[in-house]
Amino acid sequence: MTRFLLRRLAGAVLLLFLVLTATFLVLHLAPGDPGSLLSDPRIPASQRQALQELWKLDRPLASQYLSWLWGTIRGEWGTSFLYRRPVTEVIASALPHTLILGLSALGIQLLLGVPLGLWAARKRGSLGDRLLRIGSSFLYAVPLFWLALMALALLSFRWGVFPPSHALSVEAAEWPAWRRLLDLFHHLALPALVLGIGAAGGWLRLVRSGLRETLEEPFVRTARAKGLPEHRVLWVHAVRPTLAPWLQLLGLTLPGLLSGALVVEVIFAWPGLGRIAWTGLMGRDYPIVLACTAWSGALVILGNLVADLLAAASDPRLRETVR
C-alpha cells in the first residue's frame with residue numbers, strides 16, 4: 001500500500017503540473033489579452049505601465065510562465081486583474097461558499113440516491129422500481145443548466161418558495177447571527193437541491209445495480225435460510241460486498257461537486273469559486289482562472305487518489321492487485 005500510495009502521489013503531482021501548464025498556455029495563446037483592460041485612454045501612461053509591471057504583462061511568455069510557476073509552488077497567485085486584490089484573498093472569500101454548497105449537495109445525493117437504490121433493488125421488477133429507474137435516468141441525462149433554470153423559474157419566480165440568487169438577503173447585515181444563518185440556508189436550499197438531485201439518479205442506479213447482483217449470491221440465500229432478520233441480511237451480508245464502488249464514487253463525487261459547480265453558481269449568482277472562475281474567464285483574468293484551475297485539478301486528483309485508497313481498504317481483492 002505504501003508503494004502504491006507513493007506511485008499515485010507522484011503521478012498526481014505530474015498530472016497537476018501538466019494540467020496547470022496546459023491551462024497557462026491555452027489562456028496566453030488564445031486571441032485577446034488582459035491588456036485590453038488598459039486600453040481606456042483615460043488611464044494615464046504611467047499607471048498603465050505600473051499595472052503591466054504588476055501583472056508581468058511586459059515580460060516574454062517564457063518569463064511569465066517561470067515566474068507564475070515559482071509563485072504557484074510558493075502559494076503566491078499574484079494579483080487579480082478584475083478585483084485588484086491578491087488572488088489568495090479572492091479565493092479565500094469564495095471557498096467557504098463552495099464548500100457549503102458542495103457538501104450540502106453531496107448530502108442530498110446520498111440521502112436520496114442510496115435509500116431509493118436499496119429499496120429498488122429489493123423490489124426489483126415492481127412498478128415502483130420501474131418508475132424509479134425512469135426517473136433516475138431522466139435526472140442523470142437532463143442538462144444541469146436546464147434543471148437549474150426550470151427550478152429557478154418555478155420555485156423562485158412563479159411560486160416564490162426560495163430566493164432566486166446570492167447567499168444572503170440585501171438587508172441581512174443588520175440582522176442577528178441566528179437570522180442570518182437561517183437566511184443563508186434559505187438561499188442555499190435551491191442551488192443545493194438542483195446540484196444534488198441532478199446526480200442522485202446516478203447513485204440510485206449504482207446502488208441498485210450492485211445490490212441486485214449481490215442479493216442473488218448464494219451466501220445471501222444462505223443467510224436468509226438461517227433465519228436472520230432481513231435488515232441484517234441486507235446491511236451485513238449484501239451491502240458490505242458492494243461498498244467498494246460506492247466509496248470510489250464518493251471519492252470522485254465530492255471534488256467534482258466542489259470544483260464543478262460553476263453552472264449552478266453562475267445561474268444562482270452564488271458567490272463561490274465557480275462564479276469567480278467564470279467572471280475571471282470572461283474578463284481574461286489569468287491569475288484567477290489559473291488559481292481556480294489549480295484548486296479544481298488538485299481536488300479532482302485528490303479525489304481519485306482517495307477513491308482508490310478507500311476501495312483498496314474495503315476490498316481485500318484490490319489490495320492483492322496492488323502487490
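These exercises work through the helices, charges and rings of one predicted protein model.

The model is predicted, so local features need pLDDT of at least 70 and side-chain atom pairs count only at pLDDT 80 or more, while totals for chains, interfaces and linings use all residues. Residues are numbered from 1 along each chain as its sequence is written, and side-chain values use heavy atoms, with hydrogens and water left out.

**Exercise 1. The overall build**

Task: State how many helices and strands the protein has, and what share of its residues count as buried.

Solution: 
- Step 1. Take the elements. Helices (H or I, at least four residues) and strands (E, at least two) are DSSP runs, numbered from the N terminus.
- Step 2. Count them. There are 14 helices and 0 strands.
- Step 3. Turn to burial. Buried means under 20% relative accessible area, exposed over 50%, and partly exposed in between (1.4 Å probe, protein chains only).
- Step 4. Read the share. The protein has 323 residues, and 37% of them count as buried.
- Step 5. Look at contacts, meaning heavy atoms within 4.5 Å. Among contacts between residues at least 6 apart in sequence, 73% join residues at least 24 apart.

**Exercise 2. A salt bridge with two partly exposed partners**

Task: Give the distance between E76 and R74, and decide whether each is buried or partly exposed.

Solution: 
- Step 1. Find the distance. E76 and R74 form a salt bridge, and their closest N and O atoms are 3.2 Å apart.
- Step 2. Check E76. Its relative accessibility is 46%, so E76 is partly exposed.
- Step 3. Check R74. Its relative accessible area is 45%, so R74 is partly exposed too.

**Exercise 3. A buried charge without a salt bridge**

Task: Name the nearest side chain of opposite charge to D183, and find what the D183 side chain reaches.

Solution: 
- Step 1. D183 lies in helix 7.
- Step 2. Assign charges. Lys and Arg count as positive and Asp and Glu as negative; His and the chain ends are not counted.
- Step 3. Look for a partner. D183 is buried yet has no salt bridge, and R179, the nearest side chain of opposite charge, is 7.0 Å away.
- Step 4. Look at the backbone. The D183 side chain reaches the backbone nitrogen of S169 at 2.7 Å.
- Step 5. List contacts. Beyond neighbours within four places in sequence, D183 is in contact with A167, L168, S169, A172 and W175.

**Exercise 4. Aromatic pairs**

Task: Classify the pairs Y65 with W68 and F138 with W146.

Solution: 
- Step 1. Set the rule. Rings of Phe, Tyr and Trp (its six-membered ring) pair if their centres lie within 6.5 Å; planes under 30 degrees apart are stacked, over 60 edge-to-face, and the rest tilted.
- Step 2. Count. The whole structure has 4 aromatic pairs.
- Step 3. Classify Y65 and W68. Their centres are 5.9 Å apart with 40° between the planes, a tilted pair. Both residues lie in helix 3 (residues 61-74), 3 residues apart.
- Step 4. Check burial. Y65 is buried at 16%, and W68 is buried at 11%.
- Step 5. Classify F138 and W146. The pair is edge-to-face, at 6.4 Å centre to centre and 90° between the planes. F138 is partly exposed at 47%, and W146 is partly exposed at 37%.
- Step 6. Find the cluster. Ring pairs link F24, Y65 and W68.

Methods:
Salt bridge = Lys/Arg side-chain N within 4 Å of Asp/Glu carboxyl O. Polar contact = N/O pair within 3.5 Å; in protein donor to acceptor, adjacent residues only side chain to side chain.
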